[in-house]
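Work through the exercises below with the sequence and the model at hand. Each task is followed by a worked solution.

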Amino acid sequence: MAMLHLSVVCAVLLALAAPSLAGDADMLQDVCVPDLASPIKLNGFPCKANITADDFFFSGLKKAGNTNNPAGSVVTAANVQSFPGVNTLGVSMARIDYAPGGQNPPHTHPRATEIIFVTQDTLEVGFITTANMLFTKTITVGEVFVFPRGLVHFQQNRGYGPASVIAGFNSQLQGTQAIATTLFAAAPPVPSDVLAKAFRIDNGQVDAIKAKFK
């Protein structure tokens with residue numbers, strides 16, 4: 001009986017703690033479709049007065065995106081910036097398409113955990129903890145993998161044809177920082193000597209890498 005009571009107490013504590021662990025703050029009203037053109041700046045987006053069912057609809061994930069780029073992948077986001085109805089709801093989605101050999105390069109989402117569902121072919125996926133431990137797995141159609149909030153993670157197409165996933169986030173705007181782009185294509189640029197020391201290479205090598213991201 002004591003163990004039962006302990007289990008109930010633990011469940012209640014977890015339930016009470018859940019809001020504080022969510023990616024976004026709780027809603028204070030039923031809906032808040034954003035006015036993205038508003039000059040008002042705040043943590044989120046101000047609500048617009050007139051809304052329709054179309055604000056809660058998004059068709060952008062139906063078609064594969066164009067993967068003709070150096071990474072061989074493209075992300076089609078269904079977040080508050082393209083799908084306004086999710087404002088204040090603490091959720092968003094994306095479709096990620098990969099060319100054969102394509103990669104969604106190492107990156108982080110500072111405001112959200114990500115979960116992916118494979119819809120086409122085979123991917124090698126993984127994330128790295130703050131203790132520098134790599135957790136990686138090869139997943140295929142119908143399988144799911146989760147990337148904890150804020151941790152560096154990646155996906156690589158290991159199949160012989162195009163691949164795709166549907167991703168879910170516990171934030172209306174998860175934020176994305178691609179590691180290589182952040183470091184080598186920042187504006188203004190990160191000083192080359194800073195990167196050279198961090199990566200234990202020389203300034204010329206850093207400048208050569210920066211040139212690839214212009």
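Predicted model: local features only at pLDDT ≥ 70, side-chain atom pairs only at ≥ 80, totals over all residues.

Residues are numbered from 1 along each chain as its sequence is written, and side-chain values use heavy atoms, with hydrogens and water left out.

**Exercise 1. The nonpolar cores**

Task: Find which residues of the largest nonpolar core touch the most other members.

Solution. Step 1: apply the criterion. A nonpolar core is a set of buried Ala, Val, Leu, Ile, Met, Phe, Trp, Tyr and Cys residues joined through side-chain atoms within 4.5 Å. Buried means under 20% relative accessible area, exposed over 50%, and partly exposed in between (1.4 Å probe, protein chains only).

Step 1: list the members. The largest core has 17 residues, and those touching the most other members are I116, L123, V125, I139, F145 and V165.

Step 2: assign them to elements. Strands (E, at least two residues) and helices (H or I, at least four) are DSSP runs numbered from the N terminus. Two or more residues of this core come from each of β2 (92–98), β4 (114–120), β5 (122–128), β7 (144–147) and β9 (163–169). With 4 residues, β9 gives the largest share.

Step 3: look at one member. Beyond its neighbours within four places in sequence, F145 has contacts (heavy atoms within 4.5 Å) that include I116, V125, F127, F135 and I139.

Step 4: check for another core. A second, separate one has 6 residues, among them A78, V80, F83 and V86. As a general rule, nonpolar side chains in soluble globular proteins tend to be buried together.

**Exercise 2. A nonpolar patch**

Task: Which residues make the nonpolar surface patch of about 330 Å²?

Solution. Step 1: select residues with over 30% relative accessible area and no salt bridge; nonpolar side chains (Val, Leu, Ile, Met, Phe, Trp, Tyr) are joined within 5 Å, like charges within 9 Å. Areas come from the Shrake-Rupley method with a 1.4 Å probe, and for residues only the protein chains shown count as cover.

Step 1: the patch consists of I115, F117, V144 and V146, with at least two residues each from β4 and β7.

Step 2: F117 lies in strand β4 and counts as partly exposed because its relative accessibility is 39%.

**Exercise 3. Salt bridges**

Task: How many salt bridges does the whole structure contain, and which side chains form them?

Solution. Step 1: search for a side-chain nitrogen of Lys or Arg within 4 Å of a carboxyl oxygen of Asp or Glu. The search gives 3 salt bridges.

Step 1: K48 pairs with D55 at 3.2 Å, N to O. K48 is partly exposed at 31% relative accessibility, whereas D55 is buried at 10%.

Step 2: R95 and D97 meet at 3.0 Å, N to O, and both are buried.

Step 3: E124 and R158 meet at 2.7 Å, N to O. This pair links distant parts of the chain, 34 residues apart: E124 is in strand β5 and R158 in the loop between β8 (152–157) and β9. R158 counts as partly exposed because its relative accessibility is 49%.
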